[in-house]
Amino acid sequence: MAMHVSGACFSVFSGSRVGNIRAVASEGFATVKTAEDKVKLGGSDLKVTKLGVGAWSWGDTSYWNNFQWDDRKMKAAKAAFDTSLDNGITFFDTAEVYGSRASFGAINSETLLGRFIKERKQRDPEVEVTVATKFAALPWRLGRQSVLAALKDSLFRLGLSSVELYQLHWAGIWGNEGFIDGLGDAVEQGLVKAVGVSNYSEKRLRNAYEKLKKRGIPLASNQVNYSLIYRKPEENGVKAACDELGITLIAYCPIAQGALTGKYTPQNPPTGPRGRIYTAEYLRNLQPLLNRIKELGENYSKTSTQVGLNWLLAQDNVVPIPGAKNAEQAAEFAGALGWRLTDEEVNELRSMASEIKPVVSFPLENL
Ligand SMILES: NC(=O)c1ccc[n+]([C@@H]2O[C@H](COP(=O)([O-])OP(=O)(O)OC[C@H]3O[C@@H](n4cnc5c(N)ncnc54)[C@H](OP(=O)(O)O)[C@@H]3O)[C@@H](O)[C@H]2O)c1
């Protein structure tokens, strides 16, 4: 779901059955192969790789992909999936509202992820994939049953009998108590290993945590917008509450939808809806920070993308889930692991970033 702009940034549906890698990107890869390279998600028993991959753009024609989906983009997304696994990144984040269903050839992201998993398992039966998906708190959904019904539809699209993590995508206008009960039911029925929320304020997070705790179920995670240039979770109590309660913060838009990679400049801003957020003027203000990120990266033989992700990893208790559209992007993410910026560098980047006004986020985050 797009958290920066209002309007139709994801598809909403009802009743649902339905290369080459650059040398610089692959330098210093820390291929994640052992259990030590994983972290426990909050108080749950689920272990995930320290970094996951977001699948929002897969199949999407409402926010990403210049409103078009085709076979070439699908092959690139599949390569992103396979390359992630090849580099030891096994954690994938999708949602029932990611991707589209029928417009302009678009496909639901869960359907695509399920297809990629199936194809990979045919070649590599032992492959391990950790799937996170999300429930959309749409206004017409009510009660705990709606969570189980939506989850079963997600499982159908994914072609799986259970997922590792099920999250409430955002707080509903009403019905939230029932949705939390539904998460607990999903754990008890063995449909999910762990449960989390997303875009939850500190207050909502504490309530959800307490409600699940009464049933002996840990709230594993809160997925929120968090990056070097969007540090609201540090200011609104969400990061501190996650740390205090032992809930993992899953950071979405961790490279600010490409703005922190350094590839977008005032002369070359992103196209589509992102262009309205990361404007030429915004990108001009970002340049001093981007220059410093690049400089630091050069000292470590790392790219700007890897520095931006490493900054998040250095915050502890944070699992970033950058979105990858192709193999090259996915390969680059793995190089964010296995090294660490110094505390001085982490603080210097935060201080430089605090000079830049954050982009306006989607109001649902403040529910
Ligand atoms: N819970 C929520 O409400 C919520 C909201 C938003 C996102 N999410 C989740 O978080 C994930 C990540 O967020 P996001 O995809 O919005 O933003 P992001 O991870 O900050 O940015 C991803 C975009 O950056 C560009 N990019 C990626 N790697 C790159 C590289 N190595 N070099 C240059 N450009 C690169 C790609 O777009 P281009 O190539 O087109 O530039 C890619 O689609 C999503 O996929 C989704 O799973 C959740």
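**Entry: around the ligand**
I'm working with a predicted model. I found 29 residues around the ligand, and Gly54, Trp56, Tyr252, Gly258 and Gly323 come nearest. I sorted the shell by class and got 13 nonpolar, twelve polar and four charged residues.

**Entry: the whole chain**
I looked up the overall make-up next. The protein chain has 13 helices and ten strands. It runs to 367 residues, of which 49% count as buried.

Mean pLDDT for the protein chain is 89, with 87% of residues at 70 or more. Residues 1–32 are another story: pLDDT stays under 50 there, although the model has 78 contacts beyond four places in sequence for this stretch. Where pLDDT is low, the predicted coordinates should not be read in detail. I left that stretch alone.

**Entry: two helices**
How do α10 and α11 pack? I got an angle of about 95 degrees between α10 (residues 280–300) and α11 (residues 304–313), with the axes 8 Å apart. Angles of 65 to 115 degrees count as roughly perpendicular, so that is what α10 is to α11. On the α10 side I listed Leu290, Ile293, Lys294, Leu296 and Gly297, and they meet Ser304, Gln306, Val307 and Gly308 in α11. By class, this contact has four nonpolar, four polar and one charged residues.

**Entry: positive phi**
Most residues other than glycine have a negative phi. I noted Phe67, with phi near 65 degrees, and Ala256, with phi near 50 degrees. Phe67 sits in the loop between β3 (53–54) and α2 (71–86). Ala256 is in the loop between β9 (248–252) and α9 (274–277).

Which of the labels buried, partly exposed or exposed does Ala256 get? Ala256 counts as buried because it has 22 C-beta neighbours inside 10 Å, and the label needs 20 or more. Phe67 has 15 such neighbours, so I put it down as partly exposed.

**Entry: Trp174**
Where is Trp174? I found it in the loop between β6 (163–168) and α5 (176–188). Trp174 has 12 other C-beta atoms within 10 Å, so it is exposed; the cut-off for that label is 12 or fewer. I also looked at Ala137, 37 residues from Trp174 along the chain: their C-alpha atoms are separated by 8.6 Å.

Technical notes:
Residues numbered from 1 in each chain as written. Predicted model: local features only at pLDDT ≥ 70, side-chain atom pairs only at ≥ 80, totals over all residues. Axes fitted to C-alpha atoms, helices over the stretch in contact; angles between N-to-C directions. Helix = DSSP H or I, 4+ residues; strand = E, 2+ residues; numbered from the N terminus. Parallel < 35°, antiparallel > 145°, perpendicular 65-115°, else oblique. Contact = placed C-beta atoms within 7 Å. Nonpolar A, V, L, I, M, F, W, Y, C, P; charged D, E, K, R; others polar. pLDDT = per-residue confidence, 0-100. Near = placed C-beta within 6 Å.
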